[in-house]
Amino acid sequence: MATETTANPSTESETALTQPWNVIVHNDPVNLMSYVAMVFRRVFGFPAERAQKHMLEVHERGRSVLWTGEREKAEFYVQQLHGYLLLATLERAGN
């Protein structure tokens, strides 16, 4: 007697929603470095040193992971960053 194992779709979707997501800001040729650091302080409440560190990472490496956590809050952060005209995206953490 063979036993088949099937994935439970509701469990898979629940797992996908609970997996952590990264909020990433990408470098762009438009925004000033001081402006980008100011946005990081406003959106994430970072102290000046941390905002500066992420801004330099964006400038030198082309991107920086600013926050990791639940998808809904990550989407909210990306939307806020877009409101400041920064190029921001989401990606699953661990990719």
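Predicted model: local features only at pLDDT ≥ 70, side-chain atom pairs only at ≥ 80, totals over all residues.
In what order do the three strands of the open sheet lie, and is the pairing parallel or antiparallel? The order is β2-β1-β3, and the pairing is antiparallel.

Residues are numbered from 1 along each chain as its sequence is written, and side-chain values use heavy atoms, with hydrogens and water left out.

**View 1. Overview of the protein chain.** Four helices and three strands make up the protein chain. Helices (H or I, at least four residues) and strands (E, at least two) are DSSP runs, numbered from the N terminus. Read from the N terminus, the elements follow the pattern α-β-α-α-β-α-β. The protein chain has 95 residues, and 32% of them count as buried. Buried means under 20% relative accessible area, exposed means over 50%, and partly exposed lies in between (1.4 Å probe, protein chains only). Among contacts with a separation of 6 or more, 68% link residues 24 or more positions apart. Contact means heavy atoms within 4.5 Å.

**View 2. The open sheet.** Three strands form this sheet, in the order β2-β1-β3. The edge strands are β2 (63-69) and β3 (87-92), each pairing on one side only. From one strand to the next, the twist averages 25 degrees. Two strands pair if DSSP finds at least two bridges between them. Strand β1 (residues 21-26) is joined to β2 by six bridges, and the two run antiparallel. Trp21 stands opposite Gly69 in β2. Val25 has Ser64 of β2 as its bridge partner. On the β3 side, six bridges again join an antiparallel pair, β1 and β3. There, Ile24 has Thr89 of β3 as its bridge partner.

**View 3. Strand β1, covered on both faces.** In a regular strand the side chains alternate between the two faces of the sheet. One side of β1 carries Trp21, Val23 and Val25. The other carries Asn22, Ile24 and His26. Are these residues of β1 buried or exposed? All are buried, on both faces. The count for β1 is six of six residues buried.

**View 4. Helix α4 on the sheet.** Helix α4 (residues 71-83) lies across β1, β2 and β3. Its direction is at about 165 degrees to β3. Axes are lines fitted to C-alpha atoms, for helices over the stretch in contact, and angles run from 0 to 180 degrees between N-to-C directions.

**View 5. Helix α2 against α4.** Two packed helices are described by the angle between their axes and the distance between the axes. For helix α2 (residues 33-44) and α4, the axes come within 11 Å and cross at roughly 140 degrees. That makes α2 oblique to α4. Angles under 35 degrees count as roughly parallel, over 145 as roughly antiparallel, 65 to 115 as roughly perpendicular and the rest as oblique. The crossing of α2 past α4 is right-handed. A crossing is right-handed if the near helix is turned clockwise from the far one by less than a right angle, and left-handed if anticlockwise. Val39, Phe40, Val43 and Phe44 of α2 meet Tyr77, Gln80 and Leu81 of α4. By class, the residues of this contact are six nonpolar, one polar and no charged. Ala, Val, Leu, Ile, Met, Phe, Trp, Tyr, Cys and Pro count as nonpolar, Asp, Glu, Lys and Arg as charged, and the others, Gly among them, as polar.

**View 6. Helix α2 against α3.** The axes of α2 and helix α3 (residues 48-61) come within 8 Å and cross at roughly 130 degrees. The two helices are therefore oblique to each other. Their crossing is right-handed. From α2, the contact uses Met33, Val36, Ala37, Phe40 and Arg41. From α3 come Ala48, Ala51, Gln52, His54, Met55, Leu56, Val58 and His59. The contact of α2 with α3 has nine nonpolar, three polar and one charged residues.

View 7. Tyr84 is partly exposed, with a relative accessible area of 26%. Leaving aside neighbours within four places in sequence, Tyr84 is in contact with Tyr35, Val39, Arg42 and Val43. The C-alpha atoms of Tyr84 and Val43 are separated by 9.5 Å, and the two residues are 41 residues apart along the chain. Leu85 is exposed, with a relative accessible area of 68%. Phi of Leu85 is near 65 degrees, a positive value in a residue other than glycine.
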